[in-house]
Amino acid sequence: MRIARFSAGEGVAFGVVEGGPGEEMVSAVAGHPFNQVQFTGERFRLSQVKLLAPMLPSKVVAIGRNYAEHAREMGNEVPDEPLIFIKPSTSVIGHGESIAYPTSLSHRVDYEGELAVVIGRLCREVPVERAKDVIFGYTCANDVTARDLQKKDVQFTRAKGFDTFCPLGPWIQTDLDASDLALTTSVNGDIRQSGRTSQLIHDIPALVAYVSAVMTLIPGDVILTGTPAGVGPLEIDDEVSVGIEGIGTLTNKVVARD
C-alpha cells in the first residue's frame with residue numbers, strides 16, 4: 001500500500017495511492033494511517049493534489065558510511081558499529097519542493113540518495129528479530145549535505161541540518177521487502193548513484209535495534225539507512241531524483257537560498 005500525505009485546496013490529508021504511472025488516483029483516508037485505514041470516499045487524480053512530505057517526524061536518525069564503497073570514496077574506514085547522527089525535523093520537505101542552497105555559507109552541497117525507514121510504533125530497545133514489527137513502511141530520501149562544512153566541523157549537525165536538506169517521498173510503501181532493492185540517484189536525468197540495499201553493511205533490522213537501544217522512536221520517526229557510492233555536487237537549477245525499486249521516485253529542484 002502506498003500512503004501519501006497531500007493537500008487538496010486548503011486541507012491536508014493522508015491517502016492511499018492506487019494505479020500505475022500516469023493513472024494514479026489518491027483515495028483520502030480518515031485520521032492517521034498508523035491506525036486502521038478508513039476511506040472517506042473522496043478520490044483525486046494525483047495531478048490534482050500536491051504531495052507533501054509523507055510524514056512529519058519528530059526526528060530523522062541518519063546512518064553514515066553504511067555502504068563500503070561510499071566509505072572508501074570519502075577516504076574513510078568502514079565503522080565497526082553504525083555511525084548515527086540527527087537531521088532536524090525542520091530539514092524535511094516533500095516531493096517537488098525545492099532544496100535551498102545556502103550560498104552564503106556553503107560552496108559544496110551534495111546529493112545522497114537513500115532508503116528511508118518509517119517507524120510505526122512507539123518503541124525502545126527493539127530486538128533485531130522484532131524490528132519488522134515496528135516498521136510502518138519505506139520511502140525515498142535525499143540526505144543533502146554541505147560537504148565543505150562537514151569537512152570543516154567536528155560533527156555533522158550544521159552540514160546536514162539546513163532547512164530543506166531532507167527531502168522525503170513521494171509516499172510510503174508499506175508492503176515491501178526492502179532487503180534487496182535497486183536505488184539510483186540522477187541529476188538532470190544523468191544517473192550518478194546506483195546501488196542495492198543488499199549492499200548495506202548494517203542491514204535494516206540491525207539499524208532499528210541499534211538506534212532504538214539509544215533513543216525511543218516515535219511513530220513517524222525516520223531512519224536513513226546510508227548512501228551508496230557516487231555522491232557529488234549539486235548546482236543551482238539542478239533537478240535531483242532518488243528512485244527506489246518498489247517505491248517510486250523523489251524529485252526536487254535546487255534553488256538559491258540567499
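This is a predicted model: local features need pLDDT of at least 70, side-chain atom pairs count only at pLDDT 80 or more; totals for chains, interfaces and linings use all residues.
**Aromatic pairs and an open sheet**

Let me begin with phenylalanine 136, which is buried, with a relative accessible area of 14%, where buried means under 20%, exposed over 50% and partly exposed in between, using a 1.4 Å probe and protein chains only. Residues are numbered from 1 along each chain as its sequence is written, and side-chain values use heavy atoms, with hydrogens and water left out.

A search of the whole structure finds four aromatic pairs; rings of Phe, Tyr and Trp (its six-membered ring) pair if their centres lie within 6.5 Å, and planes under 30 degrees apart count as stacked, over 60 as edge-to-face and the rest as tilted. Phenylalanine 34 lies in the loop between β3 (25-29) and β4 (39-45) and phenylalanine 136 in strand β12 (residues 135-142), so the pair ties together parts 102 residues apart in sequence; strands here are DSSP runs of E, at least two residues, numbered from the N terminus. Phenylalanine 34 is partly exposed, at 23% relative accessible area.

The rings of phenylalanine 162 and phenylalanine 165 have centres 5.1 Å apart and planes at 55°, so this pair is tilted, and both residues are buried.

Turning to the sheet, five strands form an open one in the order β9-β20-β19-β15-β16, with mixed pairing, where two strands pair if DSSP finds at least two bridges between them.

Note on methods
Helices (H or I, at least four residues) and strands (E, at least two) are DSSP runs, numbered from the N terminus.
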